[in-house]
Structure formats: C-alpha cells, structure tokens
Amino acid sequence: MSVSQPAIEAFGAGTGKLLTPGAGHATLADLDPRAIAALLAEAGFLVLRGFAPSIEDFSLFVKNHSDRVTLDPARSFHGGDVAQKVDAGTDAVGLHLENGNSPFIPDLTWFLCEKAASSGSQTTVCDGYRVWDAAEETDRAAFAQDITYSRRVEETKWKQFVFHQTGGAKPAEDITFEDFRALAGESDSTTLVQLEDGSAHYTYRTGAARTTLFGERLSWANSVFGPSYNYEKPVIAFVDGTPVPDGLLDRMKRLTDELTEDIDWQDGDVALIDNTRVMHGRRAITDTDRTIYNAQSYIRRDLLDGLTA
C-alpha cells in the first residue's frame, strides 16, 4: 500500500520547509529517504514536526539517510551511537557549519528537540545561497581566495574521533597519530602535525564560499563566526596568511544577521540541515530546562542520484 506524502509548507522567509504528518505518516520511519533528500536539495533545511520520535526513532531516521555517522569527540552519545546531547554553555552561538573548521565536515546536521525551552535557545539557520547572492560584489571578490583554520586539538579528543570513525578497530589507547593522518587522507588542503604533548595541530584550507552537496552553485557557508566551546579557538586567515579584514567580517556579520531565521523548538521537533549550504547557531539560553540532541552524518550516495539544487 502506498503511503501519502507528508504535509509540506514554507518555513521562514527563504526556501526552508516544515513537514507535518499526512495521512498514513505516523512516524519518521514512514518517510521516504529519496523524497526527503530531494526536498532537502531544494530547501536547504527541513523542520519535521508532529512525528513524536523517541531518541531511538531519531537515530534510526539518521541512519536510514546516511552512509556513515560521525561525531563531536567532546560530546557523549545517548540512546546508541548516533545522537549526542548538545552542551555549549548558555551564551549565544555564532553561525557555523558543523565541523566546518576542520577537514572532517559532514554532509548533514541533525537535531532532535526532546524538551523545548520555555524561552530563548532557538536554533538559528542562515542559507548561504541567500548570503552569497546578497553580498556586495567587492566582498564576493575578496572571498575568491580560500581561507584557513588553524588550531590545536587535545590527544584524547583526536583519538576518540579516530576510534569512532574507524568503527573501534583499535582500542583508543592503541590509536596512533599515523591512524589520524590516514583518516585525514592525502590532501593539499590539510596539514597535520603532532605536538610534544601528544595533541594535534592542523591547518585546514577551504573556501568561505563553497559548492554544495547538491550542486555547483556557490554558498557562503563556513565557520568564520562559529563557536569554540569545547576547543581551542582557531586562527582564521586568508590562504596567503593575511588576516580577514575586520570591515569585511563586519559587513558579512550584518548581512548574515539580516538573513538569519529562528527555529522555535517544540517538543519532538526534528531538524535536518544541509551542512554544506546552511549555517546554524543558537540564541542565548534563558531557560536551561531543555534537551536537544545533535547528530552528524554523510548522506547515502545513492540518494544523490539525479539531484541538483
């Protein structure tokens, strides 16, 4: 028996979409991954409301759309090996791509709101397509040059990351820096150095404006304004070593602020974000009695067949 489509309506002023259950759509498991991928290619981000998922339902939903799930090694898992509880203090969090300041950027970012705050703590989203299209021509020209992120990562964190990414093939204590280097792969965009205390220092080169998961259109999608709650703050510069001018950053900050939209969470909401196109952040938390889970993954490659944004 065929299952009818969920109800779909606009979310915000851009192309984001809100999905609610249609006839025959009682759970997330009823949704067709190909239809979800096609809708994400158009929308950039989706909010799914009214499906009342458990954390296990959410984790299965993520897995059904993903070839591989990744993680933030500074967070702990809940209900399996997919969902991690969001813990980044109570201050506002700047716009960023998940892991966007590292060579391990995932395709997709997911959120599950188990319990919504009574006020504040909205997740923010900003579509990099809209930002790039609205930016001044001189500012777009400035970002024709790549940027670099450089910082140190503690030994326990990079080892935990390798442990998870390699499926626990080795105990964490037996993982070597060469395992980490192999995971990063051979690339001109990344330089890895092990420091005397065992920590890793990396420099990662990428575009502030980039092509996306679903096409060649440029999106101003990066982590220039992103947080460093559990990590050392990265040094950000143009690839030639010059700092990004404050005036340029100020103009892009004003522009992204103008184009940023809020997800006002309701209990049971799920959000799916194209992490190559849409930046996300958070308003300051004014009610700490809330529970949000995050997941990161790489999309099933077969879901990309025939899709362009």
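This is a predicted model: local features need pLDDT of at least 70, side-chain atom pairs count only at pLDDT 80 or more; totals for chains, interfaces and linings use all residues.
The structure contains three cavities of 30 Å³ or more. The second largest cavity holds about 40 Å³ of space. Its lining is made up of Ile36, Ala37, Leu40, His65, Leu108, Trp110, Leu272, Ile299 and Leu303. Two elements, α1 (33-43) and β7 (108-115), each give two or more residues to this lining.

The largest share of the lining comes from α1, which supplies three residues. Sorted by class, the residues around the second largest cavity are eight nonpolar and one polar, with no charged residues.

## Helix α1

The buried residues of α1 are Pro33, Ile36, Ala37, Leu39, Leu40, Ala41 and Ala43. Directly after α1 comes Gly44, with a positive phi of about 90°.

## Helix α6

Helix α6 spans residues 177-184, and within it Phe177, Phe180 and Ala184 are buried. These residues lie on the same side of α6, because the arc they cover around the axis is only 55°. An α-helix has 3.6 residues a turn, so residues three or four places apart point the same way.

The other side of α6 carries Glu178 and Ala182, both exposed. The cover over the buried residues of α6 includes α5 (155-165), β10 and β11. Just after α6, Gly185 adopts a positive phi of about 80°.

## Ser199, a buried loop residue

Ser199 sits in the loop between β10 (190-194) and β11 (200-206). With a relative accessible area of 1%, Ser199 falls under the 20% cut-off and is therefore buried.

The side chain of Ser199 is joined to that of Asp197 by a polar contact of 2.6 Å. Leaving aside residues up to four places away in sequence, Ser199 touches Arg152, Val153, Glu154, Glu155, Trp158, Val193 and Gln194.

## Thr242, a partly exposed loop residue

Thr242 is located in the loop between β14 (235-238) and α7 (246-259). Its relative accessibility is 35%, so Thr242 counts as partly exposed; the range for that class runs from the 20% cut-off to the 50% one.

The side chains of Thr242 and Asp240 make a polar contact of 2.7 Å. Thr242 and Ile147 are 95 residues apart along the chain, and 9.5 Å separates their C-alpha atoms.

## Positive phi outside glycine

Ala52 has a positive phi of about 50° although it is not a glycine. Ala52 belongs to the loop between β3 (45-48) and α2 (55-64). Because its relative accessibility is 64%, Ala52 counts as exposed.

Asn99, another residue other than glycine, has a positive phi near 55°. The loop that holds Asn99 runs between β6 (93-96) and β7, and β7 is one of the elements that give two or more residues to the lining of the second largest cavity.

Technical notes
Residues are numbered from 1 along each chain as its sequence is written. Side-chain values use heavy atoms; hydrogens and water are left out. On a 1 Å grid over the protein atoms alone, a cavity is a set of points where a 1.4 Å probe fits but cannot get out, and a pocket is an open set with protein on both sides within 12 Å along at least five of seven lines; lining residues have an atom within 4 Å of a point. Grid points are joined across faces, edges and corners, and a volume is the space filled by probe spheres set on the points. Helices (H or I, at least four residues) and strands (E, at least two) are DSSP runs, numbered from the N terminus. Ala, Val, Leu, Ile, Met, Phe, Trp, Tyr, Cys and Pro count as nonpolar, Asp, Glu, Lys and Arg as charged, and the others, Gly among them, as polar. Buried means under 20% relative accessible area, exposed over 50%, partly exposed in between (1.4 Å probe, protein chains only). A polar contact is a pair of N or O atoms within 3.5 Å; within protein, one must be able to donate a hydrogen and the other to accept it, and residues adjacent in sequence count only if both atoms are side-chain atoms. Contact means heavy atoms within 4.5 Å. The arc is that of the directions from the helix axis to the C-beta atoms.
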